[in-house]
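Student: I am new to this structure and would like to go through the words used to describe it. Could we take them one at a time?

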Amino acid sequence: MDLKSIENIVSLCKRRGFIFQSSEIYGGLGSTWDYGPYGVEMKQKIKDFWWHDVVTSRENVVGMDAAILMHPKTWEASGHVSNFHDPLVDCKNCKARYRADHVDLNKPCERCGKKDWTEPRQFNLMFKTAIGPVEDSGEITYLRPETAQGIFVNFMNVQGTSRQKLPFGIAQLGKAFRNEITTGNFLFRTREFEQMELEFFIYPGENEKSLDYWCKERLNWFKKLGINPEKLRLRPHDKDELAHYSTACFDVEYEFPFGWSELEGIADRGTFDLDQHNEYSGKKQQYFDPQTNERIIPAVVESSAGVDRTFLTCLVDAYCEEEVRDEKRIVLKLDPKIAPITCAVFPLVKKDGLPEISQKIVEDIRTKYSAFFDQGGSIGRRYRRQDEAGTPYGVTVDHQTTEDGTVTLRDRDTMDQVRISTDNILSELQSRIQ
Ligand code: ATP
């Protein structure tokens, strides 16, 4: 797949109602995107799959949902006020702006070909906002740049009420905001995005074992999402890439048309965050160990993934252009569990009772999966529309259905069709979707 394909994916997303440019009727707002009906279904399925895998299926992980606005001291304690900067350079000639760590300052500007850089300046990525009716007198705080701190400041509340014992995790899923200097590549880097984060609290000393465990679990999760394993890898951070509090970090990366890029960071954060909140709040952030009767500050292994980047990865990985009987077929080979629509139902013609039978089938499928009724246009056209939307299964109701109660079930990827009884549609779908 080449870079052009990203443009094709952007236009497919618009055509089929996955993603729209934000505030499009006003000319759009840079690097912000809105999820349409298909997009929001697919995004929800990705989030549900994460929540199930990381929280619901585990005895020792609980979830929470903190407010986006937090006390400003949170961001002093976390280091974001003083450290959450990207180095910024401008081309004095054409005014293009770059992240200094993303360009070679010994070379000319890519855009205008002149070499006339400003000195790199540090730019804080947090969005500032004021609380209260009058901007000047209001208290300044920030839109959270990560969900993790909402977990750390609630450590005592959650541990106390859930009575979890080490090792245990607290997970959260929600919006984060960063005033990125350079954006682009569609959903890859935006200023508003969602994160899926897990803070896993452990006895200090168990860091390496836990990091190893979560690296394997998380890489595996992306594989279970149906992403091609050959395009996924775990990359250890070099020493100079590590945040000051972190001793080891791995990125889960995907090979995009624009190169290998991060989907998730899995990091050993030591006791840094709880130490900091302990100090800045003056409230003890400790765990009472019932085995030793001592109070300790647990260490943490963090897994931090982006919902929107995962969504983009699933689209890029699933996008195919094929030749079928001398015609181009665009198909999204999404894993059935994240496809916006699981099964589309088509009456072959709009008469003879076929639409009514189809509607009844749609209702049945909806008790378990998402379904869609489509009677507009030729059957071939209807199949193609669903192929583009990534719908893995299609049921066609024809005249034989009125005679013997059977329908055809079509597979999106192989385009094979089998005849099955109407009564078996749900069980057949169930057996095909793991
Ligand atoms: P990058 O180096 O790409 O800026 P980061 O290392 O700053 O990312 P983290 O702070 O580790 O990213 O954030 C964890 C995850 O949140 C990332 O792996 C990514 O999936 C997601 N994420 C971070 N920034 C953005 C963004 N601007 N747009 C979309 N997703 C993001």
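Tutor: A residue is called buried when its relative accessible area is under 20%, exposed when over 50%, and partly exposed in between, with a 1.4 Å probe and protein chains only. By that definition, buried residues make up 51% of the 434 residues in the protein chain. This is a predicted model, in which local features need pLDDT of at least 70 and side-chain atom pairs count only at pLDDT 80 or more, while totals for chains, interfaces and linings use all residues. Residues are numbered from 1 along each chain as its sequence is written, and side-chain values use heavy atoms, with hydrogens and water left out.

Student: Why is helix 10 called oblique to helix 13?

Tutor: Helix 10 (residues 354-366) and helix 13 (residues 425-432) pack at an angle of about 45°, their axes 10 Å apart. Angles under 35 degrees count as roughly parallel, over 145 as roughly antiparallel, 65 to 115 as roughly perpendicular and the rest as oblique, and therefore helix 10 is oblique to helix 13.

Student: What makes the contact between these helices, and which classes of residue does the contact have?

Tutor: Contact means heavy atoms within 4.5 Å, and Ile361, Asp364 and Ile365 of helix 10 meet Ile425, Leu426 and Leu429 of helix 13 in this way. By class, the contact has 5 nonpolar, no polar and 1 charged residues; Ile and Leu count as nonpolar, and Asp as charged.

Student: What share of the contacts with a separation of 6 or more joins residues 24 or more positions apart?

Tutor: Such pairs account for 64% of those contacts in the protein chain.

Definitions and conventions
Axes fitted to C-alpha atoms, helices over the stretch in contact; angles between N-to-C directions. Helix = DSSP H or I, 4+ residues; strand = E, 2+ residues; numbered from the N terminus.
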